[in-house]
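Please look over the sequence and structure below before reading on.

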Amino acid sequence: MNHPLRCRCGTLKGYVSHPERVNRGVCYCRDCQAYAHFLGKPADILDEMGGTDVVATLAKYLTFTHGFESLACMSLTKNGLLRWYASCCNTPIGNTPRDFKVSFVGLVHTCLEDPTRNLESSFGPVRMRVNTKTAKGRPKSMPISTITSVLRFLASVIRARLDGSYKLTPFFAPDRGTPVAQPKMLTSSERDRVMNAI
Ligand SMILES: [Zn+2]
Ligand SMILES: [Zn+2]
């Protein structure tokens with residue numbers, strides 16, 4: 001069953017297909033924390049240790065149905081991840097590599113909240129915690145068994161590259177791989193402001 005995706009104000013909507021094929025994790029890196037401050041509502045995005053709950057899936061499993069023109073993009077650094085969000089209400093949507101041949105998107109939990117089901121029932125439990133050194137505290141370590149699911153997910157990213165299905169993505173033009181929205185680059189003072197807000 002598809003899982004709905006929606007920005008806070010409801011302008012940008014869509015769904016995630018094959019929710020059972022995702023890999024869910026929490027990232028505690030400084031950039032994810034700074035991004036939450038950039039969007040202006042860090043308490044809605046970050047957990048008490050500064051972690052962002054992310055559902056990694058292949059870009060081809062994501063479909064937008066409404067409000068596509070609200071989709072905007074920024075990056076904290078010249079070579080950093082492209083961070084996609086809904087410009088209508090600053091809801092984070094997902095993070096992608098700059099190279100569209102690496103076809104994953106880390107969907108931020110905020111756009112996946114749904115009154116009828118929780119993340120766990122659609123996407124399963126958190127299977128990895130990354131960049132825990134920059135967490136505000138000591139996140140629980142994950143059992144080693146979860147490595148299997150991480151490897152299975154990485155294999156699906158490689159498969160999408162080999163079979164050409166990486167071209168099925170809402171984030172990039174399929175022929176040239178250019179982002180569908182011009183990534184906003186922060187000025188150095190904007191960047192200092194969000195990095196210092198952590
Ligand atoms: Zn919105
Ligand atoms: Zn991160």
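## Charges

Lys and Arg count as positive and Asp and Glu as negative, while His and the chain ends are not counted. The place of a charge is taken as NZ of Lys, CZ of Arg, CG of Asp or CD of Glu. On this basis the protein chain has 27 positive and 15 negative charges, and their mean positions are 4 Å apart.

## Basis of the model

This is a predicted model, in which local features need pLDDT of at least 70 and side-chain atom pairs count only at pLDDT 80 or more, whereas totals for chains, interfaces and linings use all residues. Residues are numbered from 1 along each chain as its sequence is written, chains are lettered from A and ligands numbered from 1 in the order in which they are written, and side-chain values use heavy atoms, with hydrogens and water left out.

## Overall build

Five helices and 11 strands make up the secondary structure listed for the protein chain; these are DSSP runs, numbered from the N terminus, with helices (H or I) of at least four residues and strands (E) of at least two. The radius of gyration is 16 Å, close to the 16 Å that the globule rule gives for 198 residues, so the protein chain is as compact as a globular protein of that length. The radius is taken over C-alpha atoms, and the rule is 2.2 Å times the number of residues to the power 0.38.

Of the 198 residues, 48% are buried. Buried means under 20% relative accessible area, exposed over 50%, and partly exposed in between (1.4 Å probe, protein chains only).

## Aromatic pairs

Rings of Phe, Tyr and Trp (its six-membered ring) pair if their centres lie within 6.5 Å; planes under 30 degrees apart count as stacked, over 60 as edge-to-face and the rest as tilted. The count comes to eight aromatic pairs. In one of them, Phe38 and Tyr85 have ring centres 5.8 Å apart and planes at 80 degrees, so the pair is edge-to-face. Phe38 lies in helix 1 (residues 30-39) and Tyr85 in strand 7 (residues 82-86), 47 residues apart. Both Phe38 and Tyr85 are buried.

Phe64 and Phe68 form a tilted pair, because their planes are at 45 degrees, with centres 5.9 Å apart. Phe64 is buried at 14% relative accessible area, while Phe68 is partly exposed at 36%.

## Asn23

Asn23 belongs to strand 3 (residues 23-27) and is buried, with a relative accessible area of 2%. Beyond its neighbours within four places in sequence, Asn23 has contacts (heavy atoms within 4.5 Å) that include Val54, Arg127, Ser149 and Phe153.
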